[in-house]
Amino acid sequence: MDALLALDQGTSSSRALVFGRDGRLLAVAQRELPQHFPQPGWVEHDAEEIWTHQVECAREAVAKAGVKVAAIGITNQRETVVLWDRKTGQPLHKALVWQDRRTAAFCEQLKSQGLEPRVRELTGLVLDPYFSATKLRWLLDNVPGARERAARGELAFGTIDSWLLWKLTDGKVHATDASNASRTLIYDIHRGEWSDELLAAFDIPKSLLPEVKPSSGVFGQATEFGVPIAGIAGDQQAALFGQAALTPGQAKNTYGTGCFLLMHTGTQARTSTQGLITTRAAQVDGTAQYALEGSVFVGGAVVQWLRDGLKAIGGSGEVQALASSVADAGGVMFVPAFAGLGAPYWRPDARGALLGLTRGTTQAHIARAALESIAFQSAAVLTAMNADVDAADRLTELRVDGGASANDLLMQFQADLLGIPVLRPKVIETTALGAALLAGLGTGVYESTEQIGAIWQLDRAFEPRMSRDEAGARLAEWDKAVRQVLAE
């Protein structure tokens, strides 16, 4: 049986999933990933813990499935930075997570020097702490001896995919794929190579960097499992691939810790005028593929806050019942800017706010407002995306995935706000599925992307029920709430 193993290393958990050739999920294993917050706005992970959890999950999932896998695919939280010793394989510091905002002041300094237009031209990105380069620069400047050791070629940098690939191959392979490289602020997405100009601007030695390869193809051999690692893509590009959104104009939104809406733009790197970014999509051969992307920093994480911070629920699965116990949010608007606001606002200094509270406000109203905030933020991104493309290319449907896409209340409200069908596939594990499919394509399990497109199957379509006038009024309320937050 041509089973495929996907390693899905995310922000809140490490997972391994085994898929059959037909895309059916055969087994899954998961470990929750502890979050470290050494200071307000700082977010770290233990890279060694990520590796330990990930390999444990892989062993467990393969054992559960009871099959021999043909290949391994890796998908990962993007932008998160690991710096390690090439000889010992030991990280020099905890990984700096994509949510980490410690380099916000440095980004502002670079903007004041006029660097952002050139960064955007070469990378498709904005100068924001979200991306990898300023995090790597911080490690080089703040870990004792790191810069000197980097200059001597003793250290390696990578996003989580590179770190796992290095560990799986016992340090034989230091590589990444184009989709992950395109999130670093130092990769020229047009030329398809690391930018010497930007490396100089960020003062990062080139010797630290992994080799960049297409997303599908053999990267190396996994020592323990004895099979090739043949697919790598950042989580959102992997989800786009797993959703079979393979042609220009198709789009998906992943409802994970954050929300990430990507629209495939084919071989065209479309420049946004609406606060979105241009990124590399998963690349199956030598031809560059691109996407427009809008990133919402706090999506499903707001449910974690309801559980861990507000203690309103005992588990994430309880939020739908609590939110559904009231007819609406009772006038409450929740702007969950716990880590600033991402697209289309790009305000790292923004802070969260609960607005419209009264004596009648209950935890249920806040829970409903929290769920609605996920849809409001995603709707703002989609509105920006539609403004960036020709009228003929505007979205007529949205494919959804990620843990929170299982929440029917949220998906219906999302369709109501957008005024287009929201399509949830039978397999919502599309991030892991995308990595598995890339690995299958890279080892001949699949012969073409057409075969992959045939695997996608619809579970449920959420049709809009709200009038466009009412939706417009609700979106105007959201805009007003955001303006109040940004005015602080």
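Let me start with a pair of helices, H10, which covers residues 301–308, and H12, which covers residues 363–388, whose axes come within 9 Å and cross at roughly 160°. Please keep in mind throughout that this is a predicted model. Angles over 145 degrees count as roughly antiparallel, and H10 and H12 are therefore roughly antiparallel to each other. The handedness of the crossing between H10 and H12 is right-handed. On the H10 side the contact uses Val 302, Val 303 and Leu 306, and these meet Ile 366, Ala 367, Ala 370, Leu 371, Ser 373 and Ile 374 of H12. Sorted by class, the contact of H10 with H12 comprises eight nonpolar residues, one polar residue and no charged ones. As a reminder for reading such lists, an α-helix has 3.6 residues a turn, so residues three or four places apart point the same way.

How many of the eleven residues of H13 are buried? Nine of them are, which leaves the helix mostly covered, and the buried set runs through Leu 410, Met 411, Gln 412, Phe 413, Gln 414, Ala 415, Asp 416, Leu 417 and Leu 418.

Staying with H13 and H16, their axes come within 8 Å and cross at roughly 100°, and that makes H13 roughly perpendicular to H16. From H13 the contact takes Phe 413, Asp 416, Leu 417 and Leu 418, while H16 contributes Arg 468, Ala 471, Arg 474 and Leu 475. In this contact of H13 with H16 there are five nonpolar residues, no polar ones and three charged ones.

A further perpendicular pair is H9, residues 235–242, with H14, residues 430–442, where the axes come within 7 Å and the crossing is at roughly 75°, which makes H9 roughly perpendicular to H14. Among the residues making this contact are Ala 238, Ala 239 and Phe 241 of H9, together with Leu 433, Leu 437 and Leu 441 of H14. The contact of H9 with H14 divides into eight nonpolar, four polar and one charged residue.

Next comes helix H6, residues 160–168, where nine of the nine residues are buried, so H6 is largely enclosed by the rest of the structure. Its buried residues include Asp 161 and Lys 167 as well as Trp 163 and Trp 166. Just after H6, Asp 170 takes a positive phi of about 55°.

Leaving aside neighbours within four places in sequence, the contacts of Glu 79 are Leu 96, Trp 98, Tyr 130, Phe 131, Ser 132, Lys 135, Thr 159 and Arg 183.

Finally, the cysteines. The structure holds zero disulfides; Cys 57 is buried at a relative accessible area of 0%, and Cys 259, at 1%, also counts as buried.

Technical notes: Residues numbered from 1 in each chain as written. Predicted model: local features only at pLDDT ≥ 70, side-chain atom pairs only at ≥ 80, totals over all residues. Heavy atoms only, no water. Axes fitted to C-alpha atoms, helices over the stretch in contact; angles between N-to-C directions. Helix = DSSP H or I, 4+ residues; strand = E, 2+ residues; numbered from the N terminus. Parallel < 35°, antiparallel > 145°, perpendicular 65-115°, else oblique. Left-handed = near helix turned anticlockwise from the far one by under 90°. Contact = heavy atoms within 4.5 Å. Nonpolar A, V, L, I, M, F, W, Y, C, P; charged D, E, K, R; others polar. Disulfide = S-S within 2.5 Å. Buried < 20%, exposed > 50% of the residue type's maximum accessible area, 1.4 Å probe, protein only.
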